[in-house]
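Colleague: Thanks for sitting down with me. Could you walk me through this model, one question at a time?

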Amino acid sequence: RIPWTRLPSAPLARLLGDPRPAVRDRARSPLISMGAEAFKALAQLRLPTVSREAAIRRRAIFTMAQIRSPDLGKELRSSLKDPAAEVRRAAARSLGELRIGEAVPELCAALNDEDPLLQRLAATALGRIGDRKAINSLFSSLQSDSQAVFEHAVRLALIEIGDPGECRPWLRNPSPHHQATALRVMEQIDPRSLNLEEVVPF
């Protein structure tokens with residue numbers, strides 16, 4: 001029997017690795033309520049050197065993301081370099097949902113990750129954060145053979161950022177693929193941002 005009301009943060013955090021789903025789910029709520037004390041335990045639990053199982057690290061990240069802490073961005077950004085794709089995905093999703101602007105450089109790098117789902121999650125996160133510094137990285141991540149779902153995620157991110165001026169140089173890019181993307185994005189943001197001479201070639 002688990003003494004829920006008497007468990008300190010570290011052993012409570014370790015219950016995120018319990019084989020019983022009901023136990024794992026129940027452990028999350030008191031951890032979030034503990035705040036800073038639990039955050040430290042979860043920050044340790046999300047380390048590959050502490051938790052060998054990627055699923056435990058992933059659960060630690062999602063739980064940690066529910067706690068207000070000045071170190072949250074740093075911990076999530078670090079997990080974008082985790083060896084397991086499912087952990088990197090959890091970090092990218094959390095960074096986007098929380099709109100942590102300091103993570104833009106790491107999320108831009110994740111656009112070129114080997115994991116296709118992480119690439120899409122990184123694009124979505126960048127769109128939610130809305131920093132125009134990500135625009136060139138989003139365009140550069142597109143290739144002529146990019147998957148349609150990734151192209152869609154990038155276009156949506158660019159539209160969410162909503163800066164047609166930063167997209168305009170890509171209309172003159174040698175790549176027809178990038179030109180077409182810039183045209184579609186600018187048209188969605190503000191059709192008035194397009195000049196006739198820029199549209200006629202298409």
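Modeller: Happy to. Let me begin with a pair of helices: Leu-72, Gly-73, Leu-76, Arg-77 and Ser-79 in α5 meet Val-87, Arg-88, Ala-91, Ser-94, Leu-95 and Leu-98 in α6. Please keep in mind that this is a predicted model.

Colleague: How many nonpolar, polar and charged residues does the contact of α5 with α6 have?

Modeller: On the α5 side the contact includes Leu-72 and Leu-76 along with Arg-77, and on the α6 side it includes Val-87 and Leu-95 along with Arg-88. Sorted by class, the residues come to six nonpolar, three polar and two charged.

Colleague: At what angle do α5 and α6 pack, and what is the hand of their crossing?

Modeller: Two packed helices are described by the angle between their axes and the distance between the axes. For α5 and α6 (residues 85-98), the axes are 8 Å apart and the angle is about 145°. The crossing of α5 past α6 is left-handed.

Colleague: What percentage of the 202 residues is buried?

Modeller: Contacts across the sequence come into this picture too: among those with a separation of 6 or more, 59% join residues 24 or more positions apart. Of the 202 residues in the chain, the buried share is 48%.

Colleague: Which residues of α3 are buried, and what covers them?

Modeller: Helix α3 spans residues 36-45, and its buried residues are Ala-38, Phe-39, Ala-41, Leu-42, Ala-43 and Leu-45. Their cover includes α1 (9-14), α2 (21-34), α4 (54-64) and α5 (72-79).

Colleague: Is α3 roughly parallel or roughly antiparallel to α4?

Modeller: The axes of α3 and α4 lie 8 Å apart, and the helices pack at an angle of about 150°. Angles over 145 degrees count as roughly antiparallel, so α3 is to α4 roughly antiparallel.

Colleague: Which residues meet there, and how do they divide by class?

Modeller: From α3 come Phe-39, Leu-42, Ala-43 and Leu-45, while α4 brings Ile-56, Arg-57, Ala-60, Thr-63 and Met-64. The residues of this contact divide into seven nonpolar, one polar and one charged.

Colleague: What does Leu-138 touch, beyond four places in sequence?

Modeller: Leu-138 is one of the residues with the most contacts inside the largest nonpolar core. Leaving out residues up to four places away, its partners are Leu-111, Ala-123, Leu-126, Val-154, Ala-157, Leu-158 and Ile-161.

Colleague: Is Val-104 buried or exposed?

Modeller: Val-104 lies in helix α7 and touches Leu-126, Ile-129, Asp-131 and Ala-134, apart from residues up to four places away in sequence. The cut-off for buried is under 20% relative accessible area. Val-104 has 6% relative accessibility, so it counts as buried.

Colleague: And Thr-181, is that residue buried or exposed?

Modeller: Thr-181 is found in helix α12 (residues 176-189). Apart from neighbours within four places, its contacts are Phe-139, Leu-142, Arg-155 and Leu-158. Because its relative accessibility is 3%, Thr-181 counts as buried.

Colleague: Last one: which residues does Gln-143 touch, not counting those up to four places away in sequence?

Modeller: Gln-143 sits in the loop between α9 (135-141) and α10 (148-161). With a relative accessible area of 42%, Gln-143 is partly exposed. Its C-alpha atom is separated by 8.3 Å from that of His-178, 35 residues apart along the chain. The residues Gln-143 touches are Glu-151 and His-177.

Terms used
Residues numbered from 1 in each chain as written. Predicted model: local features only at pLDDT ≥ 70, side-chain atom pairs only at ≥ 80, totals over all residues. Heavy atoms only, no water. Helix = DSSP H or I, 4+ residues; strand = E, 2+ residues; numbered from the N terminus. Buried < 20%, exposed > 50% of the residue type's maximum accessible area, 1.4 Å probe, protein only. Contact = heavy atoms within 4.5 Å. Axes fitted to C-alpha atoms, helices over the stretch in contact; angles between N-to-C directions. Parallel < 35°, antiparallel > 145°, perpendicular 65-115°, else oblique. Nonpolar A, V, L, I, M, F, W, Y, C, P; charged D, E, K, R; others polar. Core = buried A, V, L, I, M, F, W, Y, C linked by side-chain atoms within 4.5 Å. Left-handed = near helix turned anticlockwise from the far one by under 90°.
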